[in-house]
Amino acid sequence: MYTIKLDNVTKSFKGFTLDNVSFHLKNDCIMGLIGSNGAGKTTIIKLLMGLYVKDQGIISVLGDDPFKTPSIKDKIGFVYDNPQFYDFKLKKITKIIRPFYNNWDHSVYEKYIKAFKLSDTMRFKTMSRGMKLKYNLAIALSHHAKLLILDEPTSGLDPVFRNDFLSLLLNIRDKEKLSILFSSHITDDVEKIADSITYIRSGKIIISDTKANVFNSFQLIKGSNSLPKALNDHLIGIEKKQDNFTALITYHPNAEEICTTVSLPTLEDIMYFHERGESYDAFNL
Amino acid sequence: MMRLICKDFKAFKHIIVFQTLIILMMMSFGIFIDHNGTLTALVLIIYPMTLPTVLLLNDIKYERLVISLPVNRYQFVFSKYLGGFIFAFLIIVIGLVYSYIISNFKASIDFNPLYSITGFLILCFPVVLCSSFLFPVYFRFSKSKASGVIILMFAIILIGLILGLVYLEKTLEASMQYSKEDIFPVITSHITNYINNVGQNMFLVQVIISVCTLLTLSIGMSLLLISKKDIGDPS
């Protein structure tokens, strides 16, 4: 039923705590993990990959804790924000990596290398960030993984490949019946492909629900004066300008009667107003 | 674990080959300036001694990648010890074979003491000793922090060495009594005397127990440290 289950997971570092994080990713679904820089997205991913040692809580990936049962990583494809492979030609790196995967399919690997316009003779160190990500993705997709964990995969990619990449993820999910956890602060990308969204802020989960539920839970309102008092309890964040305001509120059945302009927020609006709260614009000096 | 050792060989065979060639080259030049083979034999101690640590140092920066593979952290630690020792002992054996060949070109050179249990122990023990002290440090800290800790360790060893040299000065007179034909006359004579006193079998048992104790402590510490380590930089 669930590919990933995190229950009350806590991890503390000096100056940062991932605080009682819980969320579930259903089989064959794509989850977008969003949050600003330093919110804890990468920490969650490293916990899921068994790189970090949790302080408390339960982590289950494909039924096992990857820290205690690393063999489960045979079924996980990973792409990190800053791919790190041995400084050799791609052919040699692949030769080093492939024996670790029982289901390695070299024909699939060659197909992706060709599709991504890479060459086995390229040297990893001299490749651009986008090319490194493509190579990492080719490795992640070549062993028939049941789960893809992607940490900021689209940052650093050109817009053409970014769109192709998102389409590819959708295709792979449908064809291979796998689940994808996809962290990003590019909310447009998440909005395009995710079935569910988890929003993390300062180490705490703010939202974790299906995309439809997330969008139906909020309303974006605009007005010329101040926020109507009836909506005060629903306020998430507000941006005040000289003669108007824009605010994000939790769903209010009568919002349209109270305010003239009510619309569905984008994911960026939801994240922006949560981060902003009622504070003044720090950049409006 | 074999997959990890094979990975290290594929990834770092250039280092292993380079170290082997350096040893052979230095031994070849060494016999021209060396009157009894001491300097040449030193090469056979120092280079294999550092090899496991050099291999670990080169791989530790890819720790995040390796631990992201379907690999157990404990297997990772064991593979570093086992792989390092296998590669180091392999180049010691190659060096010994080469020493046998080159000793035919200079009559005063006699590597015979190396072709004994004592000689082999002199060559192999530093490999175990060096790795046993350094590996836990690298498994605990990141590469940069570990370097700081190791500098501190070497400073302590240096002080110990200076104290050792003072001790050697005092025993210098005694060392003159030993044959100059031997390689490391003082230490080999001490070891030979000790072996004669306790008996060869007992000596071997003692060495095996010491090495096993040292390795058990070192591996145990490495396993404990890596099991608590967060791999990759914290956010």
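In this predicted model, A:Asn136 touches A:Val79 and A:Pro83, when residues up to four places away in sequence are left out of the count. The residue A:Asn136 belongs to helix H4 of chain A, a helix that covers residues 129–141. Because a residue is called buried if 20 or more other C-beta atoms lie within 10 Å of its own, A:Asn136, with 22 C-beta neighbours inside 10 Å, counts as buried.

Chain A as a whole is divided into domain 1, with residues 2–213, and domain 2, with residues 217–276. The centres of these two domains of chain A, taken over C-alpha atoms, are separated by 34 Å. Where the two domains of chain A meet, 10 residues of domain 1 are in contact with 7 residues of domain 2. On the domain 1 side of this contact within chain A, the elements that give two or more residues are helix H6 (187–193) and strand S8 (196–201). The residues on that side of domain 1 of chain A divide by class into 5 nonpolar, 3 polar and 2 charged.

The largest nonpolar core contains 112 residues, of which A:Leu48, A:Ile149, A:Leu181 and A:Phe182 touch the most other members. Helix H5 of chain B, which runs over residues 117–140, gives the most to this core, with 9 residues. From chain A, the core draws at least three residues from each of domain 1 (2–213) and domain 2 (217–276).

The contact between the chains takes 24 residues from chain A and 20 residues from chain B. Helix H1 (41–48) and helix H2 (90–97) of chain A each supply at least two residues of the side of chain A that touches chain B. Of these helices, H1(A) provides the largest share of that side, with 3 residues. By class, the side of chain A that touches chain B has 13 nonpolar residues, together with 7 polar and 4 charged residues.

Methods
Residues are numbered from 1 along each chain as its sequence is written. Chains are lettered from A and ligands numbered from 1 in the order in which they are written. This is a predicted model: local features need pLDDT of at least 70, side-chain atom pairs count only at pLDDT 80 or more; totals for chains, interfaces and linings use all residues. A nonpolar core is a set of buried Ala, Val, Leu, Ile, Met, Phe, Trp, Tyr and Cys residues joined through C-beta atoms within 7 Å. A residue is buried if 20 or more other C-beta atoms lie within 10 Å of its own, exposed if 12 or fewer, and partly exposed in between; C-beta atoms are placed from the backbone. Helices (H or I, at least four residues) and strands (E, at least two) are DSSP runs, numbered from the N terminus. Domain bounds come from an automatic or database domain assignment. Ala, Val, Leu, Ile, Met, Phe, Trp, Tyr, Cys and Pro count as nonpolar, Asp, Glu, Lys and Arg as charged, and the others, Gly among them, as polar.
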